[in-house]
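Good morning, colleagues. Please take a moment to look at the sequence and the structure before I turn to a few local features.

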Amino acid sequence: MGLREEVLAKGYVEKYKGKDYVYYADNNDQVIAKTCRDCDELRLIEEFRKKSSGLGNRSAQCKSCASIRDKDYYNKNRERLKQVKYAYYRRKRAEQLSLNLFDDNN
């Protein structure tokens, strides 16, 4: 028995948003399960990252698809991201030193 059959057997309502976007909600319109935008698989709502503007306060991509997307982005932009992180580190370090948050016992 697939997830769709299990959800329908528990009495949840199948709803559509757009042409191919299917989600399942209870009587209070709380989203229980929805389809991932990337892999088009039906998944429980816990398998999506939290996002306040998303359907059911969750993102449109499941956690595994989002993880793959994030890793690909990091690999494509690795050097630029390292530069941004290092610039942030230098700026924060200078702020801390200017406030004398570190003891110079040298």
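Which residue lies over the face of phenylalanine 48? In this predicted model, that residue is lysine 34, placed 5.0 Å from the ring centre.

Let me now turn to the largest pocket. The space within the largest pocket comes to about 180 Å³. Its lining comprises 14 residues, of which Arg37, Lys51, Ser59, Ala60 and Gln61 are the closest to the centre. By class, the lining holds six charged residues, four polar and four nonpolar. Which element gives the most to this lining? The answer is β6, with four residues. Strand β6 covers 58-62, and helix α2, covering 63-76, likewise supplies at least two residues of the lining.

Helix α2 is also the place of tyrosine 73. Is tyrosine 73 buried, partly exposed or exposed? Its relative accessibility is 44%, and therefore tyrosine 73 counts as partly exposed, since that class runs between 20% and 50%. From tyrosine 73 to alanine 33 the separation is 40 residues in sequence, and 27 Å in space from C-alpha to C-alpha.

I conclude with helix α3, which runs over residues 78-98 and has 21 residues. From its first C-alpha to its last, helix α3 reaches 30 Å, close to the 30 Å expected at 1.5 Å a residue. Just after α3 comes asparagine 100, whose phi is positive, at about 55°.

Conventions. Residues are numbered from 1 along each chain as its sequence is written. This is a predicted model: local features need pLDDT of at least 70, side-chain atom pairs count only at pLDDT 80 or more; totals for chains, interfaces and linings use all residues. Side-chain values use heavy atoms; hydrogens and water are left out. On a 1 Å grid over the protein atoms alone, a cavity is a set of points where a 1.4 Å probe fits but cannot get out, and a pocket is an open set with protein on both sides within 12 Å along at least five of seven lines; lining residues have an atom within 4 Å of a point. Grid points are joined across faces, edges and corners, and a volume is the space filled by probe spheres set on the points. Ala, Val, Leu, Ile, Met, Phe, Trp, Tyr, Cys and Pro count as nonpolar, Asp, Glu, Lys and Arg as charged, and the others, Gly among them, as polar. The expected span of a helix is 1.5 Å times one less than its number of residues. A charge sits over a ring if NZ of Lys or CZ of Arg is within 6 Å of the ring centre and within 35 degrees of the ring normal. Buried means under 20% relative accessible area, exposed over 50%, partly exposed in between (1.4 Å probe, protein chains only).
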